[in-house]
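Here is a friendly walk through some charged pairs and nonpolar packing. Have the sequence and the structure open beside you as you read.

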Amino acid sequence: MIHKFELNNKKLILDINSGSVHVVDDIVWDIIDFYEKSSNKCEIVSALNHKYDEEAISDALKEIQELIENGLLFSKELSIDNIEYNKENIVKALCLHVAHDCNLRCKYCFASQGDFHGERLIMPFEIGKKALDFLVRSSGNRRNLEVDFFGGEPLMNFNVVKQLVSYGRELEKKHNKVFRFTITTNGVLLDKEKMDFINENMDNVVLSLDGRKEVNDNMRPTITGQGSYDVITPKFLEFVKLRGNKSYYVRGTFTSKNLDFGKDVISLYKEGFNSISVEPVVAKPEQDYALLEEHLPLILKEYEELSQEYIKMNNEGRGFDFFHFMIDLNHGPCFVKRVVGCGAGVEYMAVTPEGDLYPCHQFVGNEEFKMGDVNTGIINTKLRDKFKSANVYSKEDCKDCWAKFYCSGGCHANAYNFNNDITKPYSIGCEMEKKRIECAVSIAANID
């Protein structure tokens, strides 16, 4: 299977199974259309001799054949028939919901402004401690483990965050493990003490901010209904300055209210942030800010225009990282990871303040998806097996999709929320993802 597209003045061919990307000239571009149907040289020469001379066609055909022989074009379909995903049911990552409470009232919040459709709760240290014990106990021989402090707003439970990091360091020595801690914050409670602790202990930080002031303040008000931009942005800028070269992302959300979200990306860059992610909102169609199928033409065009500006800025020495345009064409994830995706419900789970285990943070609060708790471990093994078997080969919509090894079948939670089935992908998200991949590949081909 191949995917052929033209973007940002480049003609590009992706070989889906090998992951190879080819920037081609006009003659190869034209030949490929015929080659997919028939590799007969005489037929191809006859079809194209009005446009190219026979010698040029012959040379291009030799080039194509060499790529095929080297497994870089029209490569064989990959298979997972002989691969058993996570046979030992190793858990490698937890999302700790240290606070089911929040000091903002974001209109699009999937977590119901922090309480996950339940009580406003704070995780006790003992529950967090048991969660880390569960992770170590369930990690087998895996040495590197990941823990994300999440909410609501995790800084509302900062003392427990500090205690859990300290406890994690004790477990590292005792069990020969390495914890990679991360945190996601809206920044309202950031001060110098918290900045210093986070910068010292967190391998990655996600800072929530939507972009332009008017966009952010419309969707991310405080509890009193005031805008949060002026409260948060100075703190984030100070934090990033103190962080130095350590990893972080400013993470925004775009909705139907700002389909020109490329301006929000550039606005964040101009404010002083150089690692940026602006994600599409995922919301039910009845919400006035939801992204609908009718919005797709504008959204896809916006991604293309943003990619043009991104190329220009990078080539002028004003480059920055935009998450959706970062693609590793040489050392991407292994084949199994490309097939199964994020590992939710199998390798990765969310822990509530009460200690309940869910497949990921977006399933929290839906009792149908409760897997167990930090005391008993995984009890609902049938649910785990269901997530384990959800991959690009078991999803009908993914089997023949050219983007399947880049998106790994998409988000299980989005699939369930829109189609009541984790194996039925969220179609609007699929279209956006395909365009982002095309943009990312074209950027890689254009940056000097």
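## A pair in helix H13

Lys399 is partly exposed, with a relative accessible area of 31%. Keep in mind that this is a predicted model. The salt-bridge partner of Lys399 is Glu396, and their closest N and O atoms are 2.8 Å apart. Glu396 has a relative accessible area of 58%, and because the cut-off for exposed is over 50%, Glu396 counts as exposed.

Both residues belong to helix H13, which covers residues 396-399. They sit 3 residues apart there, about one turn of the helix.

## A pair in helix H10

Now move to helix H10, residues 296-315, where Glu305 and Lys301 are 4 residues apart. That spacing separates them by about one helical turn. Their side chains meet in a salt bridge, with an N to O distance of 3.9 Å. Since a salt bridge needs the nitrogen and the carboxyl oxygen within 4 Å, this pair qualifies.

How accessible are the two partners? Glu305 is partly exposed at 38% relative accessible area, and Lys301 is partly exposed as well, at 48%.

## Lys11 and Glu6

Another salt bridge joins the side chains of Lys11 and Glu6, at 3.2 Å from N to O. Is Lys11 buried or exposed? Lys11 has 19% relative accessibility, and because buried means under 20%, Lys11 counts as buried. Glu6, in contrast, is partly exposed, with 48% relative accessibility.

## The nonpolar cores

The largest nonpolar core holds 116 residues. Which of its members touch the most others? They are Leu94, Leu96, Phe149, Phe179, Met202, Phe273 and Phe322. There is also another core, lying apart from this one and made of 18 residues, including Trp29, Tyr35, Val45 and Ile64.

How values were computed
Residues are numbered from 1 along each chain as its sequence is written. This is a predicted model: local features need pLDDT of at least 70, side-chain atom pairs count only at pLDDT 80 or more; totals for chains, interfaces and linings use all residues. Side-chain values use heavy atoms; hydrogens and water are left out. Buried means under 20% relative accessible area, exposed over 50%, partly exposed in between (1.4 Å probe, protein chains only). Helices (H or I, at least four residues) and strands (E, at least two) are DSSP runs, numbered from the N terminus. A nonpolar core is a set of buried Ala, Val, Leu, Ile, Met, Phe, Trp, Tyr and Cys residues joined through side-chain atoms within 4.5 Å.
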